[in-house]
Amino acid sequence: MNEKFDAIVVGAGPAGNSAAYTLAKAGMKVLQLERGETPGSKNVQGAILYSDALERIIPDFRDDAPLERHLLEQRMWILDDESYVGNTYRSDAFNKPPYNRYTIIRTQFDKWFSGKVQEAGAMVISETTVTDLHMDGNRVVGVKTDRTGGSVYADVVILADGVNSLLAKKAGFHPELRPKDVALAVKEIHFLPEETIDSRFNVSANAGVVIEMAGKITNGMVGTGFLYTNRESLTIGIGCLLSDFRKHGIAPYALLDKMKDHPAIRPLIEGGTMKEYTAHLIPEGGYHAVPPLYGDGWMIVGDAAMFVNSVHREGSNLAMTTGRLAAETMIELTADDKPMTAKNLARYHEKVKTSFVMKDLKKYKDMPKVLENNPQFFTAYPELLNRAAHELLTVDGVEKKAKERSIRRSFVKSRSWTGLMGDAVKLWRAFQ
Amino acid sequence: MMRVEERLFQNRYRVDPGRAHIQITDPSVCTVDCHSKPCTFCCPAGCYTKEGDGRVTLITDGCMECGTCRIICTEFRNIQWEYPRGGYGILFKFG
Ligand SMILES: Cc1cc2nc3c(=O)[nH]c(=O)nc-3n(C[C@H](O)[C@H](O)[C@H](O)COP(=O)(O)OP(=O)(O)OC[C@H]3O[C@@H](n4cnc5c(N)ncnc54)[C@H](O)[C@@H]3O)c2cc1C
Ligand code: SF4
Ligand code: SF4
């Protein structure tokens with residue numbers, strides 16, 4: 001294959017698919033390479049799909065995309081060993097189309113998206129691992145693949161190869177990831193009849209529930225758990241910083257089992273048939289860990305560029321948005337008859353900076369550090385909150401004022417006044 | 001607790017016989033120098049095993065290609081990590 005393309009897109013996840021689709025729609029000659037047997041077969045997500053990012057690329061995606069349930073209710077739980085305190089937001093406004101968020105099953109979703117990319121006119125080749133970039137001095141001119149005679153050339157290579165992005169590392173665009181910049185998430189999918197899920201979660205007619213969890217389930221590590229409802233299955237998973245997994249020495253699947261055994265969680269998944277166990281990294285280094293985004297003949301998009309907002313658990317929408325922005329940059333430069341040099345591709349960086357992607361990452365830029373240095377948010381506080389709730393709700397003849405005093409005392413005993421104030425300030429600043 | 005093998009049994013793989021995509025560069029570094037051996041407890045598929053004599057063995061058949069072992073081996077950089085050939089390795093049904 002000695003053809004030359006306008007663009008080569010490496011990877012067929014949401015970032016690569018958005019880039020390839022946008023380019024192909026604009027009439028560009030696009031080759032997309034994916035190492036999986038089919039697009040999606042290597043990919044893992046919770047998975048919540050945020051409509052907005054996809055709508056800007058495929059406005060009528062709801063017509064045929066494989067969507068599981070639209071989200072009606074969001075629960076946030078802070079767990080102690082055998083209890084949780086939580087809050088819930090449920091609104092019938094979320095029950096009216098067009099729906100804002102859906103659960104999806106990633107393998108099916110990616111396959112669907114790839115179908116759209118092919119319809120738009122891109123050439124998509126699966127079962128092909130890109131092994132290296134072809135360089136001409138500092139300029140990327142193409143890629144090498146593991147197929148025989150597998151070199152292909154293009155004006156621009158878009159790296160949408162996900163969190164590990166071996167290509168960017170080999171080329172020196174990106175240093176190796178540090179254990180504190182990635183979370184390792186493990187997850188299972190449990191199948192249950194649709195009616196069982198409906199009644200267990202108090203929903204009907206394809207409405208769904210999200211439960212986000214923090215607290216003792218992560219054994220003091222920085223991380224969160226989740227449980228999402230699909231149409232006929234539940235996904236349950238937990239993710240913590242890799243640096244913490246290393247420090248604490250607990251196997252990821254043991255942590256997941258412990259979570260599944262929590263008395264508030266066990267009844268929700270009871271009787272389900274587990275049909276898959278998956279693991280994947282999530283780039284959580286945030287704003288300070290974002291690598292250079294472009295150079296001569298290349299741009300980097302999605303997870304490969306650390307575009308995940310871990311506070312709000314958004315990733316696929318940042319991937320889709322950055323994939324689209326990279327494509328739009330190329331389309332504009334082509335229209336202006338400008339070459340794909342670093343100087344010109346800097347426009348992609350500008351676009352990312354002015355979009356919600358970089359603004360949100362910037363907003364939470366200090367969060368990774370605050371959480372890393374303050375494990376009490378994952379240990380002492382969940383415990384204290386749960387104990388406080390227990391104390392207040394136990395009716396035992398003790399006057400309420402005395403109960404409040406005892407709760408206050410337990411907070412101060414555990415963290416001291418200055419500690420409590422300091423924690424509040426730290427969190428408040430990180431959220432600013 | 002469910003054993004990791006039982007869990008992995010639910011997954012679909014296309015194994016590329018004789019072509020492990022991950023290799024330990026110098027096994028003696030694992031035995032002698034690396035005291036904490038984080039790969040043996042961080043790998044979500046339990047691919048690394050600490051043997052009684054201190055050696056670490058690696059069987060990649062259950063690998064989910066997450067990248068953890070490569071990143072966790074920061075101190076010794078003792079792992080050569082590539083993706084399997086296109087089409088081989090883990091084939092997620094649901095992801
Ligand atoms: C457990 C978990 C839960 C999550 N939950 C959510 C959620 O609810 N909502 C949300 O928005 N985000 C969520 N995320 C994050 C989201 O999944 C990612 O941000 C998103 O998938 C990133 O898309 P991407 O296209 O950049 O990368 P990926 O989806 O990883 O795609 C990269 C693609 O490139 C291919 N590839 C890699 N290297 C090569 C190569 N050398 N040659 C050929 N092909 C290659 C891979 O096979 C893959 O198909 C979650 C992540 C995890 C792990
Ligand atoms: S972490 Fe690296 S050096 Fe240590 S035992 Fe594992 S492979 Fe060997
Ligand atoms: S890539 Fe992940 S699953 Fe595979 S051996 Fe390494 S840690 Fe284990």
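I began at ligand 1 and found one of its nitrogen atoms 3.2 Å from a polar backbone atom of Arg35(A). The model is predicted, and I read every entry below with that in mind.

**Ligand 1, polar atoms.** I next looked at the oxygen atoms. An oxygen atom of ligand 1 sits 2.7 Å from an N or O atom in the side chain of Arg106(A).

**Ligand 1, shell.** I listed the surroundings and got 37 residues, with Glu34(A), Ile48(A), Arg106(A), Asp303(A) and Ser316(A) the closest. Sorted by class, these are 17 nonpolar, 13 polar and seven charged residues. Which helix of chain A gives the largest share of the shell around ligand 1? I found that helix 9 does, with three residues. In chain A, the elements giving two or more residues to this shell are helix 1 (14-25), strand 3 (48-50), strand 15 (273-283) and helix 9 (316-335).

**Ligand 1, domains and chains.** I took the domain bounds of chain A as domain 1 (4-66 + 102-175 + 288-365), domain 2 (180-283) and domain 3 (368-430). Domain 1 and domain 2 of chain A each supply at least three residues to the shell around ligand 1. I also looked up the distance from domain 1 to domain 3 in chain A, and their C-alpha centres are 44 Å apart. As for the chains, ligand 1 lies between A and B.

**Chains A and B.** That sent me to the contact itself. I counted 51 residues from chain A and 40 residues from chain B in it. The two chains bury about 3,800 Å² between them, and carbon and sulfur atoms give 55% of this area. Which residues of chain B lose the most area to chain A? I noted Arg7(B), Phe92(B) and Phe94(B), which together make up 20% of what the chain B side buries.

**Ligand 2.** Four cysteines are listed by name around ligand 2, Cys30(B), Cys34(B), Cys39(B) and Cys73(B). The list also includes Lys37(B), Pro38(B), Val56(B), Phe76(B), Asn78(B) and Ile79(B). By class, I have eight nonpolar, one polar and one charged residues around ligand 2.

**Backbone of chain A.** Most peptide bonds are trans, and most residues other than glycine have a negative phi. I found a cis peptide bond from Gly46(A) to Ala47(A), with omega near 15°. Ala47(A) belongs to the loop between strand 2 (30-33) and strand 3 of chain A. A cis bond also joins Pro97(A) to Pro98(A), and here omega is near -5°. I placed Pro98(A) in the loop that runs between strand 5 (84-90) and strand 6 (101-103) of chain A. For Ser165(A) I noted a positive phi, near 25°, in a residue that is not glycine. Ser165(A) falls in the loop between strand 10 (151-159) and helix 4 (166-170) of chain A.

Key:
Residues are numbered from 1 along each chain as its sequence is written. Chains are lettered from A and ligands numbered from 1 in the order in which they are written. This is a predicted model: local features need pLDDT of at least 70, side-chain atom pairs count only at pLDDT 80 or more; totals for chains, interfaces and linings use all residues. Side-chain values use heavy atoms; hydrogens and water are left out. A residue is near a molecule or strand if one of its heavy atoms lies within 4 Å of it. A polar contact is a pair of N or O atoms within 3.5 Å; within protein, one must be able to donate a hydrogen and the other to accept it, and residues adjacent in sequence count only if both atoms are side-chain atoms. Helices (H or I, at least four residues) and strands (E, at least two) are DSSP runs, numbered from the N terminus. Ala, Val, Leu, Ile, Met, Phe, Trp, Tyr, Cys and Pro count as nonpolar, Asp, Glu, Lys and Arg as charged, and the others, Gly among them, as polar. Domain bounds come from an automatic or database domain assignment. Contact means heavy atoms within 4.5 Å. Buried area is the accessible area (1.4 Å probe) that two parts lose on being put together, summed over both.
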